[in-house]
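Here are my notes for you, written as numbered points. Keep the model open beside them and look up each residue as you go.

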Amino acid sequence: MTDRTNEFGQAIGCELPDWAPRELPAPVTLEGRFCRLEPINAGRHAADLHAAFSSAPDVRLWTYMAVGPFADAQAYHAYLESVETSADPRHYAVIDLASGKAVGTMALMRIDPKNGVIEVGSVTFSPLLQQTLISTEAQYLLMAYVFDQLGYRRYEWKCDHFNEPSRKTAQRLGFSFEGIFRQAVVYKGRSRDTAWFAIIDSDWPKAAAAFQAWLSPTNFDATGRQKHSLAELRGAR
């Protein structure tokens, strides 16, 4: 919010005299301490990813995804082949540096370089990735790429409003809830009300500092238990 008004006394937004359209996300590799994000490649990643997803006891992982579940490894390989050259969405594999294997995927999508808006989506984390240090670092690496390297202004997260784990994850990561778009999407033969979340560039410095502090070895005790949550660390800054 601003106190700016025009010549008619109408409230208007802040000026952006130096704004210019941003670059599109590239097929970059992003390296962290625990994981690496690299462009999806069916030949390199399909077998590892299918095995990782198949380690789940059932297929509930795919309930709120636009695709899946897949009948077999061949079907999943064909899906990855269909998306590996896409520029929007731009898909990345999450590689566990300890094992060298792909354990999940993420994408940048609905890319609007003119306005500096982008969405993280198709977040598909296998049981080998869920609720791990790697999962948080992967989210941080992609956010840092968008804000620090590409200079976008707004980073969005959207999900089916019934997808409680996704909603909780968005809020844990520092996204602000912005509301529900009713009957926004039809997928898998059903209607979806979409929950919207976002981080904007003015939120990012505090969020980034919290991610860095949370991921630090000093934030974990000898048993691997966190000393401070991300929310606590954001509040402390």
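1. Start with glutamine 131, in the loop between strand E5 (117-125) and helix H3; helices (H or I, at least four residues) and strands (E, at least two) are DSSP runs, numbered from the N terminus. Glutamine 131 has a positive phi of about 55° although it is not a glycine. With a relative accessible area of 82%, glutamine 131 is exposed; buried means under 20%, exposed over 50% and partly exposed in between, using a 1.4 Å probe and protein chains only.

2. A word on the source: this is a predicted model, in which local features need pLDDT of at least 70 and side-chain atom pairs count only at pLDDT 80 or more, while totals for chains, interfaces and linings use all residues. Residues are numbered from 1 along each chain as its sequence is written, and side-chain values use heavy atoms, leaving out hydrogens and water.

3. Arginine 110 also has a positive phi, near 45°, and is not a glycine. This residue sits in strand E4 (residues 101-112), and its relative accessible area of 53% makes arginine 110 exposed. For background, most residues other than glycine have a negative phi, and most peptide bonds are trans.

4. Which residues does a cis peptide bond with omega of about -5° join? They are glycine 68 and proline 69, and proline 69 is in the loop between helix H1 (42-54) and helix H2 (73-83). Another cis bond runs from aspartate 88 to proline 89, with omega near 5°; proline 89 is in the loop between H2 and strand E3 (90-96).

5. Now to the charges. A salt bridge is a side-chain nitrogen of Lys or Arg within 4 Å of a carboxyl oxygen of Asp or Glu, and by this rule there are 11. Glutamate 38 pairs with arginine 36 at 2.8 Å, N to O, and with arginine 44 at 3.7 Å. Glutamate 38 is buried because its relative accessibility is 11%, whereas arginine 36 at 22% and arginine 44 at 49% are partly exposed.

6. Arginine 154 and glutamate 178 form a salt bridge, their closest N and O atoms being 2.6 Å apart. Arginine 154 is in strand E6 (residues 154-160) and glutamate 178 in strand E7 (residues 176-187), so the pair ties together parts 24 residues apart in sequence. Arginine 154 is buried at 18%, while glutamate 178 is partly exposed at 43%. Both belong to a network of salt bridges that also links Arg110, Glu119, Glu156 and Lys158.

7. Arg154 turns up again in the lining of the second largest pocket, with Leu16, Trp19, Arg22, Gly151, Arg153, Ile200, Asp201 and Ser202. The space in this pocket is about 210 Å³. Its lining divides into three nonpolar, two polar and four charged residues. (A pocket is an open set of points on a 1 Å grid over the protein atoms alone, where a 1.4 Å probe fits, with protein on both sides within 12 Å along at least five of seven lines; lining residues have an atom within 4 Å of a point.)

8. Finish with helix H5 (residues 204-215): at 1.5 Å a residue, its 12 residues should span 16 Å, which agrees with the 16 Å between its end C-alpha atoms. The expected span is 1.5 Å times one less than the number of residues. Among the buried residues of H5 are Trp204, Phe211 and Trp214. Their cover includes helix H3 (133-149), helix H4 (164-173), strand E8 (190-200) and helix H6 (230-235).

Technical notes: Contact = heavy atoms within 4.5 Å. Points joined across faces, edges and corners; volume = space filled by probe spheres on them. Nonpolar A, V, L, I, M, F, W, Y, C, P; charged D, E, K, R; others polar.
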